[in-house]
Every structure is written in structure tokens, then in C-alpha cells.
Amino acid sequence: MTNKPPPVRHSPYVSGVLRPLKSFLEGDRAIYLNEDARRALLVGAAEKITNRYNELAGELVSVARKTESSLLRIRQGAQRRAGASSDASENNISDTDKICMQLFLDIQEYGRNLAAFGVVAADIPSYRSLWQCVAPQEKQDLIHF
């Protein structure tokens with residue numbers, strides 16, 4: 001396991017995820033869009049970006065869980081052979097948990113950024129799926145940021 005402390009704030013990249021969309025919507029060409037077209041473009045882009053975000057985060061969490069499980073089995077086998085106790089690492093936060101904590105902070109910020117555009121993140125199915133993947137157990141029922 002890494003010795004990095006648990007995350008406490010969102011990653012810097014999150015603030016830039018929607019920046020190209022914002023630039024387009026505030027640019028010269030956006031004046032040619034009526035309000036319905038602008039809204040459709042905004043919601044469509046938000047859904048596509050969120051779908052991809054969900055795919056990538058889901059893959060990351062899945063690989064981290066598999067890797068951690070494999071390492072744990074190897075470590076337990078070595079400890080059994082050596083006759084050592086496995087209690088030493090019980091109180092540590094796992095790397096997978098830290099990854100989920102970081103992703104949770106990131107998607108909360110991403111949800112706030114969507115809200116600044118007037119998009120309700122909870123209305124996007126892949127955002128709800130992403131939330132379920134990384135939110136702590138006690139926060140999975142209510143999407144709030």
C-alpha cells in the first residue's frame with residue numbers, strides 16, 4: 001500500500017473538463033444557436049463527457065480492486081508461510097479506497113461545474129452510476145455536492 005494520505009480536495013484537472021464546452025458556448029459561433037439548440041448541445045455534450053468519465057473511472061476502480069485483491073492473497077500466503085500475523089494492515093485505508101475517495105471528491109466538483117451550466121448531474125444516468133461506484137456507502141442514496 002502507498003503511504004499517501006487520504007485525499008481532501010478534488011483533482012486540479014476537474015476544473016478544466018468542461019472548459020472547451022464553456023469556451024465554445026461563450027464564443028462567437030454560439031450566437032447562431034437558439035436557446036433550444038444551445039440547451040440540446042449542452043446536455044448532449046454533458047451526457048457524452050459524463051459517459052466517458054464513468055467508463056474510465058469504472059475501469060480504474062475495477063483494476064484497482066482486482067490488483068489489491070491479488071496483492072492481498074499473495075501477502076496472506078506469505079504471512080501464513082512465515083507464521084506472521086495479518087493484523088498489522090487492518091487499520092490502513094486501502095489504495096482502492098483512496099482512489100474512490102479521490103474520484104468521489106472529483107465527481108462532486110464535476111457535478112458543481114455541471115450545475116454552473118444549468119445541468120442537473122443527478123439527471124444523467126452515467127453520473128448516477130459513477131456516484132454509486134465511488135461514493136461511500138452512507139452517501140450512495142443521495143446525490144449532493
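What follows is a set of questions and answers on a predicted model.

Student: Let's start with the cysteines. How many disulfides does the structure hold?
Tutor: Good place to begin. A disulfide needs two cysteine sulfur atoms within 2.5 Å. The sulfur of Cys100 has its closest cysteine sulfur in Cys133, 5.9 Å away, which is too far for a bond. The number of disulfides in the structure is therefore 0.

Student: On to the aromatic rings. How is the pair of Tyr127 and Trp131 classed?
Tutor: A pair of aromatic rings is described by the distance of the centres and the angle of the planes. There are 5 aromatic pairs in the count. For Tyr127 and Trp131, the ring centres are 6.2 Å apart and the planes stand at 40°, so the pair is tilted.

Student: Where in the structure do Tyr127 and Trp131 lie, and are they buried or exposed?
Tutor: Both belong to one helix, at a spacing of 4 residues, about one turn. The relative accessible area is 0% for Tyr127 and 1% for Trp131, so each of the two is buried. The helix that holds them, residues 125-134, is H4.

Student: Which residues does Ser126 contact, leaving aside its neighbours within four places in sequence?
Tutor: Ser126 is found in helix H4 and is buried, at 7% relative accessibility. With those sequence neighbours left aside, the residues in contact with Ser126 are Glu47, Thr50, Asn51 and Asn54.

Student: How are H2 and H4 oriented to each other?
Tutor: Two packed helices are described by the angle between their axes and the distance between the axes. The axes of H2, residues 35-82, and H4 come within 8 Å and cross at roughly 20°. That makes the two helices roughly parallel.

Student: Which residues in H4 meet H2, and what is the handedness of the crossing?
Tutor: On the H2 side, the residues involved include Tyr53, Ala57, Gly58, Val61 and Arg65. Their partners in H4 are Ser126, Tyr127, Ser129, Leu130, Cys133 and Val134. As for the handedness, the crossing of H2 past H4 is left-handed.

Student: And how are H1 and H2 oriented to each other?
Tutor: Residues from both helices meet here: Leu21, Phe24 and Leu25 in H1 with Arg38, Leu41, Leu42 and Ala45 in H2. The axes come within 11 Å and cross at roughly 170°. H1 and H2 are therefore roughly antiparallel.

Note on methods. Residues are numbered from 1 along each chain as its sequence is written. This is a predicted model: local features need pLDDT of at least 70, side-chain atom pairs count only at pLDDT 80 or more; totals for chains, interfaces and linings use all residues. Side-chain values use heavy atoms; hydrogens and water are left out. Rings of Phe, Tyr and Trp (its six-membered ring) pair if their centres lie within 6.5 Å; planes under 30 degrees apart count as stacked, over 60 as edge-to-face and the rest as tilted. Buried means under 20% relative accessible area, exposed over 50%, partly exposed in between (1.4 Å probe, protein chains only). Contact means heavy atoms within 4.5 Å. Axes are lines fitted to C-alpha atoms, for helices over the stretch in contact, and angles run from 0 to 180 degrees between N-to-C directions. Angles under 35 degrees count as roughly parallel, over 145 as roughly antiparallel, 65 to 115 as roughly perpendicular and the rest as oblique. A crossing is left-handed if the near helix is turned anticlockwise from the far one by less than a right angle, and right-handed if clockwise.
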